[in-house]
Amino acid sequence: VQLQAYGGGLVHPGGYLTLSCAASGGIFEINDMAWYRQPPEKQRDLVANINSRGSTKYADSVKGRFTITRDSAKNTVTLQMNSLKPEDTAVYYCLVVHKNGAGITADYWGQGTLVTVSS
């Protein structure tokens, strides 16, 4: 399974960005899809998660500003980020939890896309 993430960039505080991630190659079943972020010199933390039934959860710091959605037919996950703040600056990574035909699950990570919020 390969993941391709795109959509990062430079945005002013209060602005918005949309991140997308597409999974391809040998997909049998995708369970959870998620976005994580890693600010400079900090650990990687969960931003938002969406399961196969469409249930979502968010980090407290992004609730009400970010929205995660998925298109299960296209194996894509999107993160709409509004009202961006400088503290949202980070490398954002998508994660896909894939289950193969034998029922074995594995995590796959995208390559990361940089989001910079600055005036």
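Visitor: Leaving aside neighbours within four places in sequence, which residues is Tyr36 in contact with?

Guide: This is a predicted model in which local features need pLDDT of at least 70 and side-chain atom pairs count only at pLDDT 80 or more, while totals for chains, interfaces and linings use all residues. Residues are numbered from 1 along each chain as its sequence is written, and side-chain values use heavy atoms, with hydrogens and water left out. Tyr36 lies in strand β4, a strand being a DSSP run of E of at least two residues, numbered from the N terminus. With contact meaning heavy atoms within 4.5 Å, its partners are Arg44, Asp45, Leu46, Val47, Val91, Tyr92, Tyr93, Leu95 and Trp109.

Visitor: How many bridges pair β4 with β9, and in which sense?

Guide: Two strands pair if DSSP finds at least two bridges between them. Strand β4 covers residues 29–38 and strand β9 residues 90–99, with Glu29 standing opposite Lys99 in β9. The pairing is antiparallel, over eight bridges.

Visitor: Which residue of β5 is the bridge partner of Ala34?

Guide: Strand β5, residues 45–50, runs antiparallel to β4 and is joined to it by five bridges. The two strands form a hairpin with six residues between them, and Glu41 in the turn has a positive phi of about 60°. Within β5, the partner of Ala34 is Asn49.

Visitor: Is Ser20 buried or exposed?

Guide: Ser20 lies in strand β3, residues 17–24, and, not counting residues up to four places away in sequence, touches Gln4, Ala5, Tyr6, Trp35, Val77 and Thr78. Buried means under 20% relative accessible area and exposed over 50%, with partly exposed in between, using a 1.4 Å probe and protein chains only. Because its relative accessible area is 15%, Ser20 is buried.

Key
Helix = DSSP H or I, 4+ residues; strand = E, 2+ residues; numbered from the N terminus.
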